[in-house]
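This report covers one chain and its contact with a partner chain. The sequence and structure come first.

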Amino acid sequence: MALDPLIISYVTNEETYQDKAVILNEGDHGDWVYVILEGQAKVQKKTKKGYVTLAILREGSAFGEMAFFSHKSKLRTARVVADGPVVIAGLDPVRLRTEFASLSPQLQELMYTLVARLEMATSNMVKLAVGQKKKT
Amino acid sequence: MPEEYPKNRQLKFKADDLVIKGGDYGISIYKIIEGRVKVYTEWEGREITLAYLGPGEVVGEMSFFSMGMEVRAASVRTETDSILEAWHPSTLQKEYENSPSILKYILDQTLQRLLQINKITAELNSKRGGKKAPTPVKKKGSRNQRKYYRKETNIECRYGAADSKELRYSATIKDLSLKGVGLSVSGSNLQKVDHSTGTRFNIAFTLPNGKKVAFEAQVVAIRAGSSRGAFLLGFSTTDISYENQKSVGFFLMP
């Protein structure tokens, strides 16, 4: 799958990670948005029963946006781990910030809300899933 | 702001007023100015609270991102007297369309992830519902209590033993509710496979509106039907996905 040229224009530093290397750690400070250029990675959350995989990121998948589109916390909500060798790139943060700031406060608010919803929904789902495993 | 776009409106609500009804078409986005609201879904006549929101928080925005193509995913009711600001999404939609593509690219993925998580959560909840029913929420004389009831129907269906993938038998659904179905079954079916109480079957049918429904149910009652050689079997649903529950619930709405 060829990467959208739009994305390429925002790509800054490229980084390569080996299989199982931690790209972003849950709780880390940071609000860069990244994209997968090659390979894939897993998004995982830590629970009492160990790590739960929430999603598989593939070529073209963006990640790290949860902290970017957040009023307050610039902490990573989950960890991202390389699944096989993977090449990622950061998206120019200055350009992203500037473009985001040019939107109306209401549209910005909506984007914050969408991301906050995903964070809450994910936490709830994980609690539900882990809770169920305990019963069976 | 251009004059031709609808202005934002401030709305006053009393405690326990319904703001958004799950299953309805709606595109307004609401920002809470004062007060507190509860976001919830309904499951078998009971409310399952999803969240409480307060001043500064926004609700109803999912319809904006799904371009109004999906019905309201949840209901919203005020907990206290509240003031909500209603946004018409048309201005915002135009702005969103014209916003930098990179932001739309990123947020589109976020939205897809959210819809996916909601689907998984609903499935996890429906599995749980089969084993342990959620505790009923006490409502203080709520004016908007939904009553699910049994609707008389005449819908052809196919059904089969729960552990088989085949739906070998046909029957007619004579009544339908969220809790179960009443099937009119020919006596010859009863001779081919065990229909005693407790036996589970997969039942599949198409609603008059074209929506396909399927779920698992167990026999709870058998009695003679109105015509010769026919029996009326009462089934209680044992496993129904959130999507199917929504389809049936929608069909049952008065």
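## Surface and fold of chain B

In this predicted model, chain B has an accessible surface of about 13,700 Å². Carbon and sulfur atoms account for 50% of that surface. Of its 254 residues, 43% are classed as buried.

The secondary structure of chain B consists of five helices and 14 strands. When contacts within chain B between residues at least 6 apart in sequence are taken, 65% of them link residues at least 24 apart.

## Area buried with chain A

Chain B and chain A bury about 3,400 Å² between them, and 74% of this area comes from carbon and sulfur atoms. In chain B, the residues that lose the most area to chain A are Ile102(B), Leu103(B) and Tyr105(B), which together make up 17% of what that side buries.

The contact involves 37 residues from chain B and 35 residues from chain A.

## Polar pairs and contributing elements

Two salt bridges are counted between chain B and chain A. Arg113(B) forms a salt bridge with Glu65(A), with 3.3 Å between the closest N and O atoms.

On the chain B side, the elements giving two or more residues include strand S3 (29-34), strand S5 (46-53), helix H2 (89-98) and helix H3 (101-131). H3(B) gives the most to this side, with 19 residues. By class, the side of chain B that touches chain A holds 22 nonpolar, nine polar and six charged residues.

How values were computed: Residues numbered from 1 in each chain as written. Chains lettered and ligands numbered in written order. Predicted model: local features only at pLDDT ≥ 70, side-chain atom pairs only at ≥ 80, totals over all residues. Heavy atoms only, no water. Helix = DSSP H or I, 4+ residues; strand = E, 2+ residues; numbered from the N terminus. Buried < 20%, exposed > 50% of the residue type's maximum accessible area, 1.4 Å probe, protein only. Contact = heavy atoms within 4.5 Å. Areas by Shrake-Rupley, 256 points an atom, 1.4 Å probe, with all protein chains shown as cover. Buried area = accessible area lost by both parts, 1.4 Å probe. Salt bridge = Lys/Arg side-chain N within 4 Å of Asp/Glu carboxyl O. Nonpolar A, V, L, I, M, F, W, Y, C, P; charged D, E, K, R; others polar.
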